[in-house]
Amino acid sequence: MAINLEVPKKHRALVDQAHQVAMNMLRPISRKYDIAEHEYPKELDMLAAMIDGLSESGASEGAGATGVRRDSDDSDKKTVKNGANLASVTSVAEMCWGDTGLLLSMPRQGLGNSAIASVANDEQLERFKGRWASMAITEPSFGSDSAAISTTAVLDGDEYVINGEKIFVTSGERSDCIVVWATLDKSLGRAAIKSFVVEKDTPGVKVERLEEKLGIRASDTAVITFTDARVPKDNLLGSPEVNVEQGFAGAMATFDNTRPLVAAMAVGCARASLDLTRDLLKEAGIEVDYDRPAILQHAAAAKFLQLESDWEAGRLLTLQAAWMADNRKPNSLEASMAKAKAGRVGSDVTLSCVELCASIGYSEEELLEKWARDSKILDIFEGTQQIQQLIVARRILGLSSAELK
Amino acid sequence: MSLISNLKPGGKHGVPSSESRDPIGYLVAGLNRLAQTDLLDKVRLRKPTEQAVFSVTRTGFKTMTTASRTFAKAGKGGQPGARPKHAAASGVFDLTPGEDEQMLVDVVTEFADEVVRPAAAEADKTCAAPDDLLKASLDIGLPILGLPESLGGVSEERSAMAGTLVAEALAKGDMGLAVATLAPGSVATAIGLWGTDAQQQTYLPAFSAEDGSVPAAALALNEPTVLFDVFSPSTTARRSDDGAGFVLNGAKSLVARGDHAELFVVGASLDGKPVLFLVESGATGLAIAGDPAMGVRAASMTTLVLEDVTVPADAVLGETDGSTYTECVRLSRLAWCALAVGTGQAVLDYVTPYVQGREAFGEPIAHRQSVAFMVANIAIELQGMRLLTYRAASRAAAGKDFSREVALARKACTDKGMQIGLDGVQLLGGHGFVKEHPVERWYRDLRAIGIMEGTVLV
């Protein structure tokens, strides 16, 4: 055992591959689908097929939306593992270096797939294999406060009947199914909130409209209504028991796995800005000297150094959270730290790079302005900056959600 | 100097030279002169003055006289010394310290908790590390920490990673005392890394002495220059007229325990390149003065002046092309990052129970987001600093280039470290401002990061 924070040797081929895909497949169509919002990026079908192929062959090290499933294999606890969680965050970051909106539109790589991978039992995992699942939590009346869910699921025979309205469903139109969060009994509070896999062709499921957005415009964000939508009882993910003791913990466990992924998206998106800005600054005659004191260098070089330092901290916190998941260590604290840091760094880096590059940064001629729009959502979805800070603070200070509101 | 310019207030007491006095200003200045005369004391209008302590107040220079030791020349001159091997990299991402490293950290943590922290406030006040603490630091092997077994060290391989973990653990006790105790080992490490066979044989045995006679030693790279660039020292080295050695001239600031040091490693420009020189404290032309600073006071900071100091030709440590010097600066910055992480952890560990216990408006202040989020951000940025530092250290230990990584770590440790120091005081409010609590000391100590060069090395 020895401390080493380099991307592991066995993942390097995968990362290189993801980088090539990002550069040669995503970048060329990046602006196209930013402008043509709501148009389906048909190029992605071929890419998704390729990713499935790699995954079948084992060459992808288990990376992807489903890479977040925690190995239940307890053997070998002494050996340090670099597994699917780490492979997923490193490759997701590379893909978002290409285009965050397109990564989010990747067929069969939705956040719903991560949710299924996190909490489904083996039978469900097999049944929903190969399906494209989006995630539906938010409702018009609440955002961060997931416990306020008013969409209901009522057991009727062998089926749950779902009623309610969900907003901000990423890939809501394009996906095959939706992981819907609904309450079995609102009076029982958080513990009664469960997630259900709902097929899109279920009668009563309707995509009402698609949002027009600040960024990640390649990704469709849908409003979906459920009117007496009936789903088989076996589509409930996790345990149907309402365990008041355990409360919300079961459903929230998904986030421990998906937050490092979103942090990785911010890391990848911000690196795109850093890489291009470094290049443009160099053309302008400014290069960062890592040895000389920053205050003795050009202000732009000093600024760049600060951005790069913040970015690297976000990246390493993300790797840490994934590494802990791979090694079956509880990581809610570290996952939230990573998401908080990477989320805010993503905004600072991309916005500052626009400023450093002046009108070239602001113009649609380059992609810098796009990355500065794309990055904003990453500090919002899967838990806002403020929610991450709450989680970190509660953990560090040992406070409950009633004490630290 | 003309009378007019003598009456101008600028250029002293921190007053910019553009300032001028109006009539009221002259009156006040005159009153102040009166207040400073001993007339008031003669008529017993003022209590007797406090006594001055060498290290607590700035003093005039005195010639270096602590030279008690002559290092007997040994070894083969001109032969390269032993070079520590680099640890083999496993290629696996891992945040678990090695077994040996963990053992070291455990020992040092105990030392930091039980010996260093309790001594910190007094050491800060007196600008001196207590003798028994320094002695205890020898017992746990700090001076030889960075040396491989073949050169008198304890572990088979020397590792910048182990040094980093130790510096962090020590600084959790106290940064000033960490610097005081790590300074001799830093010089030993430098000689172990870059010394010739003769230099290693001459100097290193003293550092592994078991009778408590390990010399104080200092790695002096800082200079009293605004916008100081460590890579362009204004201290100069020129070849002596007889060609037998070098003549050094210049001033070095913030030299840890310089008044006790028996051996210095001094940075100087030779033919336009920065180069390290070994200077024994017995050399003619060395003068030293107490130079207490804002923080890191337990390290008894001094200014070292070199006036036509002649050193032999074999006083050059490492290469003269600037490469050794550059590596030294990087490893030293790494050590300061580790110190920042340790001190940042001390802040977090202190403010956490404080905000849980302190009540305002009928409940613990920790229940307020504005307070709780400050604590959360300390925790987040601190872990970021730590991972950046570990990455640079692990690359250094594996013999990889770490120039970029240490620069990124230093940037974070400078900015976020200072923010942590600032927030540490703020979270305690007025109580943070008084010396009853250590947060004001950590605030002063953390300002050293990003300024300090040299002094410590991992």
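**Helix packing, domains and the chain contact**

Modeller: In chain A, residues A:Asn85, A:Leu86, A:Ser88 and A:Val89 of α3(A) meet A:Thr318, A:Leu319, A:Ala322, A:Trp323, A:Ala325 and A:Asp326 of α8(A). Two residues are said to be in contact if their C-beta atoms, placed from the backbone, lie within 7 Å. The model is predicted, so local features need pLDDT of at least 70 and side-chain atom pairs count only at pLDDT 80 or more, while totals for chains, interfaces and linings use all residues. Residues are numbered from 1 along each chain as its sequence is written, and chains are lettered from A and ligands numbered from 1 in the order in which they are written.

Biologist: Why are α3(A) and α8(A) called roughly antiparallel?

Modeller: The two helices pack at about 155°, with axes 7 Å apart. Axes are lines fitted to C-alpha atoms, for helices over the stretch in contact, and angles run from 0 to 180 degrees between N-to-C directions. Angles under 35 degrees count as roughly parallel, over 145 as roughly antiparallel, 65 to 115 as roughly perpendicular and the rest as oblique. The pair α3(A) and α8(A) is therefore roughly antiparallel.

Biologist: What makes α1(A) roughly parallel to α3(A)?

Modeller: Helix α1 (residues 12–35) of chain A packs against helix α3 (residues 84–98) of chain A at about 25°, their axes being 7 Å apart. The pair is therefore classed as roughly parallel. Among the residues of α1(A) that meet α3(A) are A:Leu14, A:Val15 and A:Ala18. By class, this contact has ten nonpolar, four polar and two charged residues.

Biologist: How is chain A divided into domains?

Modeller: Chain A has domain 1 (9–124), domain 2 (133–237) and domain 3 (249–397), with bounds from an automatic or database domain assignment. The C-alpha centres of domains 1 and 3 of chain A lie 19 Å apart. In the contact between them, 27 residues of domain 1 of chain A touch 25 residues of domain 3 of chain A. On the domain 1 side of that contact, α3(A) gives the most, with ten residues. That side holds 13 nonpolar, nine polar and five charged residues.

Biologist: Which helix gives the most to the side of chain A that touches chain B?

Modeller: The contact takes 41 residues from chain A and 39 residues from chain B. Helix α8(A) gives the most to the chain A side, with eleven residues. Helices (H or I, at least four residues) and strands (E, at least two) are DSSP runs, numbered from the N terminus. The chain A side divides into 27 nonpolar, six polar and eight charged residues.

Biologist: How do you know what pLDDT chain B averages?

Modeller: The term pLDDT is the predictor's confidence in each residue, from 0 to 100. Chain B averages 91, and 93% of its residues score at least 70. Over residues 47–54 of chain B, however, pLDDT stays under 50, and the model has four contacts beyond four places in sequence for them. The model as a whole scores ipTM 0.94 and pTM 0.93.

How values were computed:
Nonpolar A, V, L, I, M, F, W, Y, C, P; charged D, E, K, R; others polar.
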